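Me: Could you walk me through reading side-chain contacts in a model? I'd like the general idea before the particular case.

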Amino acid sequence: MSVAIQVQTNRSVTGQVPLPPIIDDPYLEPLVKYIYEQLVYAFDPIVIVRSYKAYNSYQESLNNYPLLKAYRQSDQYAPNTLWASSTIAIQHCMSYPINADLAKYGVQVGNAIAQCLLMPDLLEKTKVQVDLSVPLQIQYDTQLNANYEPVMQFVTATCNIYTSAL
């Protein structure tokens, strides 16, 4: 008796394993795009955000900063229902905020993100519903180098959204 085993591989000719494609989040992709567009409009002509990602991206080129990210922190599922809730973070990341005036925009960015999440047309334009029974939080953080100069500035809005449990 013989057994034939066939193995499929992702290896290319050079032996490198290609990265799998990033799967779009049906909730976060339209939400982060909407917030990105609102920030671009609100702060014009200042480039307060250059690009956006619907996941917690760590390896971005400095050319993509200031960067807006939306990512899930946790998912909560209620038994015997079709609905779930996700705790998400919307994070504005600014690299090397050398201009002190530009660094001051953090509070205004946090306020603008909060306003976007409370806009009456958010559900219509993004199909995302914010759970208003959970408080919206805005946190501010600046990372400094050894010389106490700012290297990264983060504004993070945390809220809950309703998602499907299916």
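Predicted model: local features only at pLDDT ≥ 70, side-chain atom pairs only at ≥ 80, totals over all residues.

Me: How many disulfides does the structure hold?

Reply: The general idea is that a disulfide is a covalent bond between the sulfur atoms of two cysteines. Here the count is 0. As for cysteines, Cys93 is buried at 2% relative accessible area, and Cys116 is buried too, at 5%.

Me: Next, rings. What describes a pair of aromatic rings?

Reply: You use the distance of the centres and the angle of the planes. Searching the whole structure turns up 2 aromatic pairs. One of them is Tyr36 with Tyr52, a tilted pair with 4.9 Å centre to centre and 45° between the planes.

Me: Which parts does that pair tie together?

Reply: Tyr36 sits in helix α1 (residues 28-43) and Tyr52 in strand β1 (residues 51-53), so the pair ties together parts 16 residues apart in sequence. Tyr36 is partly exposed at 21% relative accessible area, and Tyr52 is partly exposed at 24%.

Me: And how are Phe43 and Tyr105 arranged?

Reply: They're edge-to-face, with 6.0 Å centre to centre and 75° between the planes. This pair links distant parts of the chain, 62 residues apart: Phe43 belongs to helix α1 and Tyr105 to helix α3 (residues 105-117).

Me: Is Phe43 buried or exposed?

Reply: Phe43 is buried, with 11% relative accessible area, while Tyr105 is partly exposed at 26%.

Me: Last one: which residue lies over the face of Tyr58?

Reply: That's Lys69, at 5.4 Å from the ring centre.

Methods
Residues numbered from 1 in each chain as written. Heavy atoms only, no water. Disulfide = S-S within 2.5 Å. Buried < 20%, exposed > 50% of the residue type's maximum accessible area, 1.4 Å probe, protein only. Phe/Tyr/Trp six-rings, centres within 6.5 Å; stacked < 30°, edge-to-face > 60°. Helix = DSSP H or I, 4+ residues; strand = E, 2+ residues; numbered from the N terminus. Lys NZ or Arg CZ within 6 Å of the ring centre and 35° of its normal.
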